[in-house]
Amino acid sequence: MRERVRNVTSEVLSDNWGEVRKHSFELERRDGNWQRQVRETYDRGHGAAVLLYNIEQRTIILTRQFRFPAFYMGEPNPWLVEAPAGKLDGDDPLTCAKKEAEEETGYRVRDLTLVAAPFMSPGSVTEKLYLYVGEYRASERVSEGGGLEDEGEDIETLELPFAEAMAMLERGEIVDGKTIILLQHLALKGVL
């Protein structure tokens, strides 16, 4: 497949919180003609997310936090309801998912199952997001959660009936892609 892309050049446009690059290349179209294209990519590294669920209580754990891009784009409520997630920062995806679950929700979980590892916005963002689900128990709560203040996190932990989370999804109150995928996964699998 790589032989259909040639003459790739890249230029760093910004390297602050993430790296923005401008790429020029030629792409062989399906009709055999070559077309010059220019694209920008945004790279912050890969990440992991986890949706915790309790079979007996039929509940899940989500978080709510302020998201500047949602605010900037005029989202009526920029405090988004999401599954806990974070950048890998050198960890493997499973370790990251467990770490983020504990930092954001206060639950120290043991067993997680990988659901998928999609590119969430492949037109410009390089991130692959590893999506996990796992069961939690009240006895696994080791802290209040809330995230890390030095990372600018001020995260509210939400324990919700699964049915209410699905109703929130239908009402458009959950707009985060990773969370939608994970909720739909649990619904399709009939876990709750």
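Me: Which residues does Glu140 touch, leaving out those up to four places away in sequence?
Reply: In this predicted model, Glu140 touches Gly106, Tyr107, Arg108, Val109, Arg110 and Glu135, with residues up to four places away in sequence not counted.

Me: What joins the side chains of Glu140 and Arg110?
Reply: A polar contact of 3.5 Å joins those two side chains, Glu140 and Arg110.

Me: Is Glu140 buried or exposed?
Reply: Glu140 is buried, because its relative accessible area is 6% and the cut-off for buried is under 20%.

Me: And where does Glu140 sit in the fold?
Reply: Glu140 is in a loop, the one between strand 9 (129-135) and strand 10.

Me: OK, strand 10. Which way do strand 5 and strand 10 pair?
Reply: Antiparallel: strand 5 and strand 10 (residues 156-161) pair over 6 bridges. Within that pairing, Leu62 stands opposite Leu158 in strand 10.

Me: How many residues of strand 5 are buried?
Reply: Strand 5 covers residues 59-66 and is mostly covered, with 6 of its 8 residues buried.

Me: How many bridges between strand 5 and strand 6?
Reply: There are 4 bridges between strand 5 and strand 6 (residues 79-82), again in the antiparallel sense. Phe66 stands opposite Trp79 in strand 6.

Me: What about strand 4 and strand 5, how many bridges there?
Reply: Strand 4 (residues 47-54) is joined to strand 5 by 3 bridges, and the two run antiparallel. Leu52 stands opposite Ile61 in strand 5.

Me: How many residues lie between strand 4 and strand 5 in the hairpin?
Reply: The hairpin has 4 residues between the two strands, and Arg58 in the turn has a positive phi of about 55 degrees.

Me: Switching to pockets. What volume does the largest pocket have?
Reply: The largest pocket has a volume of about 1,400 Å³.

Me: Which lining residues lie nearest its centre?
Reply: Trp17, Arg44, Arg67, Glu82 and Glu127 lie nearest the centre, out of 39 residues that line the largest pocket.

Me: Which elements give two or more residues to that lining?
Reply: Strands 4, 5 and 6, strand 7 (85-87), helix 1 (68-72), helix 2 (93-105) and helix 4 (177-189) each give two or more residues to the lining of the largest pocket.

Me: Which helix gives the most?
Reply: Helix 2 gives the most to that lining, with 4 residues.

Me: How do the lining residues divide into nonpolar, polar and charged?
Reply: The lining of the largest pocket has 16 nonpolar, 16 charged and 7 polar residues.

Key:
Residues numbered from 1 in each chain as written. Predicted model: local features only at pLDDT ≥ 70, side-chain atom pairs only at ≥ 80, totals over all residues. Heavy atoms only, no water. Buried < 20%, exposed > 50% of the residue type's maximum accessible area, 1.4 Å probe, protein only. Pairing = 2+ DSSP bridges. Polar contact = N/O pair within 3.5 Å; in protein donor to acceptor, adjacent residues only side chain to side chain. Contact = heavy atoms within 4.5 Å. 1 Å grid on protein atoms, 1.4 Å probe; cavity = no way out; pocket = protein on both sides within 12 Å on 5 of 7 lines; lining within 4 Å. Points joined across faces, edges and corners; volume = space filled by probe spheres on them. Nonpolar A, V, L, I, M, F, W, Y, C, P; charged D, E, K, R; others polar.
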